[in-house]
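Please read them alongside the coordinates.

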Amino acid sequence: MKIVDARVVLTSPGRNFVTLRVETDEGVTGLGDATLNGRELAVVGYLRDHVVPLLLGTDPHRIEDTWQSLYRGAYWRRGPVTMAAIAAVDVALWDIKAKVAGLPLYQLLGGASRERVRTYGHASGRDLPELFDSIRARLAEGYPAIRVQTGVPGLERVYGVHHLSAGHGVTPDGARPVVEDWDTGAYLRSLPGVFDAVRQEFGPELVLLHDAHHRLTPIQAARLGKDLEPYDLFWLEDCTPAENQDGLRLVRRHTTTPLAIGEVFNTVFDYQTLVGEQLIDYVRSAVTHFGGVSPLRKLFDFAAQHQIKSAIHGPEDISPVGMAAAIHLDLAIHNFGIQEYAGHTALTHEVFPHAYTFTDGYLHPGEAPGLGIELDEELASAHPYEPAYLPINRLQDGTIHDW
Ligand code: CS2
Ligand code: MG
């Protein structure tokens, strides 16, 4: 079997997605997600100009050799653009291999280790009444776990709060990222009270998570983790920018609140200290941003040696193709933790018809051969790319901060 064509499809059914379609001389095709929110065109160029020409004529079954060739052959290694491009190829080749075998991908990854995949959803609110309504809405959808994000007193635009955040939008003229505002002191003073109110309203059993989104110093993260201990969180995510892996040693010394990190990481080297010293409890990388199924399953094996579990990143900017690959991995690995599932718009599901199902808060990849997903290129072409940046974050004095 040989690869005879590979095409990059850029579409925007409500938000931008980058998809690679690989075609073989036997008519079997594979899909891979290469969406990098806010930098989509960089991955499109990397794939079209530097990867696709190298794929033509190669054997799609040689997944590991192709992965290693793309990783080592570029000389310049790692990074979100490179690893998203390599991920798309890796996933497309796994899709092809599983289709040729006539099996759903999870069967090639060791078969099912569980009956279904537990998820968590997003709840947010500018204030407690709005937050409580949002939590009730997720509970009504069956989510067994809920991420809680709220406004911060005195701030106008805050990450993760639907009415306050620009989400993934741009300024009206489409040219520049929206500027959101931040005040760490106000955030640290108000958040414990929010979780106290949530526990009062919804009780001690509800599984709650929170995303600090890289905004704290290690000592501030240590304080927040400690202040949240009475509210028994499933995890505190991205408590501090983790390029400085050593910083998590300080956090870990001060709090027993479980920690989740890694959605912006793209190789195992980003995790070496964090996993090796068990400084975190969940690894967050997505198939799309970590180079594909092949390296992510290796990361999960490394994590398993340190009682660390998976928590694959699953916001709306992971396409249904990336989500399908995640669910196959989630079903197969032993040290599964939880799967983030923000869901997609109805139009996105139409562009990407898929076998995976979301029922009462749990996902299943389905039994279709391969990933179990297709791309309606005609419908995709009706929704062309729209320039969109992630917001940026500034402190009250105008200093740029982590978003
Ligand atoms: C967030 C993401 O879901 C999460 O944990 O950190 O929504 C993140 O903000 C986006 O994926 C950025 O594109
Ligand atoms: Mg996050």
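1. First, terms. Two strands pair if DSSP finds at least two bridges between them. Strands (E, at least two residues) and helices (H or I, at least four) are DSSP runs, numbered from the N terminus.

2. Conventions. This is a predicted model, in which local features need pLDDT of at least 70 and side-chain atom pairs count only at pLDDT 80 or more, while totals for chains, interfaces and linings use all residues. Residues are numbered from 1 along each chain as its sequence is written, chains are lettered from A and ligands numbered from 1 in the order in which they are written, and side-chain values use heavy atoms, with hydrogens and water left out.

3. The sheet β6-β15-β16. Three strands make up this open sheet, and their pairing is mixed. Strands β6 (179-182) and β16 (400-401) are at the edges; each has a single partner strand, so one side of each is left without a neighbour in the sheet. β15 (residues 392-395) pairs with β16 in the antiparallel sense, over two bridges. N393 has H401 of β16 as its bridge partner.

4. The sheet β1-β2-β3. This open sheet also has three strands, and the pairing is antiparallel. Its edge strands, β1 (3-11) and β3 (29-33), each pair on one side only. Neighbouring strands are turned by 20° against each other on average, direction ignored. (Axes are lines fitted to C-alpha atoms, for helices over the stretch in contact; angles run from 0 to 180 degrees between N-to-C directions.)

5. Inside that sheet. Five bridges join β2 (residues 17-24) to β3, in the antiparallel sense. Which residue of β3 is the bridge partner of L20? The partner is G32.

6. The helix on the sheet. α1 (residues 40-55) lies across β1 and β2. Contact here means heavy atoms within 4.5 Å. The helix runs at about 175° to β1.

7. The ligand shell. Ligand 1 is surrounded by 15 residues, and the closest are N37, Y159, H213, E263 and E340. A residue counts as near if one of its heavy atoms lies within 4 Å. By class, the shell has seven charged, four polar and four nonpolar residues.

8. Polar contacts of the ligand. The cut-off is a pair of N or O atoms within 3.5 Å. An oxygen atom of ligand 1 is 3.0 Å from a side-chain N or O atom of E237. For R284, the distance is 3.0 Å. For H313, it is 3.4 Å. Taken alone, ligand 1 exposes 340 Å², and the protein buries 93% of that. Areas come from the Shrake-Rupley method with a 1.4 Å probe.

Key: Polar contact = N/O pair within 3.5 Å; in protein donor to acceptor, adjacent residues only side chain to side chain. Nonpolar A, V, L, I, M, F, W, Y, C, P; charged D, E, K, R; others polar.
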